[in-house]
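Please look over the sequence and the model below. A short report follows, going from the whole chain to single residues.

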Amino acid sequence: MLRTLTIIAALFAVAAAASAVELTESQRTAIEERIAPMGEVCLQGDSSCGGPAVAASSGPRSGKEVFDAACMACHSTGAGGAPILGDVDAWAPRIAKGMDTLHKHGLEGIPGTGMMAKGGCVNCSDEEVIAAVDYMVEGSQ
Ligand code: HEC
C-alpha cells in the first residue's frame, strides 16, 4: 500500500514538472514587455522617468518663473488686450489702481476679459501669482 502511494506521488511529481512552463530568457523578457503597464506615473521631482527634475519641496517659484510659465503667453504678446510686460503706458493706469487691486485681479481674474483667475495657472499658489504680478509691475514702470 505504501509502495503504491509512493508511486502515485512520484507520478504526480513528474506530471507537475512536465506542466511547468520553462521559459527562455528572451521569452520571459517578451512576456514582461507585453504585460508591462501602459503608462508610468511620473511624480514631480522624479528625474528617473523623463519628468522635469523639479523638487516638490523647492518652495514657491519666483515671480519671473511664474510669469515665464503661466503669464507670458498673453502678457508678452498682448493677446486679448493683455497689458504687455514693459509697456509703461499700458501699465500706468493699472498701477494707479493700487497693488491690492492688481493682486486681487491676478488672483481672481477680471470677469468678461481674457484674464482668468490666476491667469489660468491652476497649480500656482496665491503667493506665486502675487509674485508674478509684482514682477510684471516692477518691469513696467
Ligand atoms: C489668456 C491670457 C492671459 C493670461 C495667461 C494671463 N493674463 Fe493677465 N490679463 C489678461 C488680459 C486680457 C488682461 C486685461 C484685462 C482687462 O483689463 O481688460 C490681463 C490683466 C492682468 C492684470 C491687470 C489687472 C488690472 O487690474 O488692471 C494683472 C495684474 C494680470 N493680468 C496678471 C496676470 C498674471 C499674474 C498671470 C499669470 C499667472 C496672467 N495675468 C496671465 C490676459 C491674461
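Among contacts in the protein chain between residues at least 6 apart in sequence, what share joins residues at least 24 apart? The share is 56%. Two residues are in contact if their C-beta atoms, placed from the backbone, lie within 7 Å.

## The model and its chain

This is a predicted model: local features need pLDDT of at least 70, side-chain atom pairs count only at pLDDT 80 or more, and totals for chains, interfaces and linings use all residues. Residues are numbered from 1 along each chain as its sequence is written.

The protein chain has six helices and zero strands. Helices (H or I, at least four residues) and strands (E, at least two) are DSSP runs, numbered from the N terminus. Of the 141 residues of the protein chain, 15% count as buried. A residue is buried if 20 or more other C-beta atoms lie within 10 Å of its own, exposed if 12 or fewer, and partly exposed in between, with C-beta atoms placed from the backbone.

Ala, Val, Leu, Ile, Met, Phe, Trp, Tyr, Cys and Pro count as nonpolar, Asp, Glu, Lys and Arg as charged, and the others, Gly among them, as polar.

## Where H3 meets H6

H3 and H6 pack at an angle of about 70°, and their axes are 8 Å apart. Axes are lines fitted to C-alpha atoms, for helices over the stretch in contact, and angles run from 0 to 180 degrees between N-to-C directions. The two helices, H3 and H6, are therefore roughly perpendicular to each other. Angles under 35 degrees count as roughly parallel, over 145 as roughly antiparallel, 65 to 115 as roughly perpendicular and the rest as oblique.

On the H3 side, the residues in contact include Phe67 and Cys71. On the H6 side, they include Val129 and Ala132. The contact of H3 with H6 has eight nonpolar, two polar and three charged residues.

## The largest nonpolar core

A nonpolar core is a set of buried Ala, Val, Leu, Ile, Met, Phe, Trp, Tyr and Cys residues joined through C-beta atoms within 7 Å. The largest one here has eleven residues, among them Val66, Cys71, Cys124 and Ile130. H3 and H6 each supply at least two residues of this core. H6 gives the largest share, six residues.

Cys71 also has contacts beyond its neighbours within four places in sequence: Val66, Gly119 and Ala132.

Trp91 lies in helix H4 (residues 88–95). Is Trp91 buried or partly exposed? Trp91 is partly exposed, because 19 other C-beta atoms lie within 10 Å. Beyond its neighbours within four places in sequence, Trp91 is in contact with Pro83, Val137, Ser140 and Gln141.

Met99 is in helix H5. Met99 counts as partly exposed, with 13 C-beta neighbours inside 10 Å. Its C-alpha atom is 8.8 Å from that of Val137, 38 residues apart along the chain.

Lys118 sits in the loop between H5 and H6. Its phi is near 55°, a positive value in a residue other than glycine. Lys118 is buried, because 21 other C-beta atoms lie within 10 Å.
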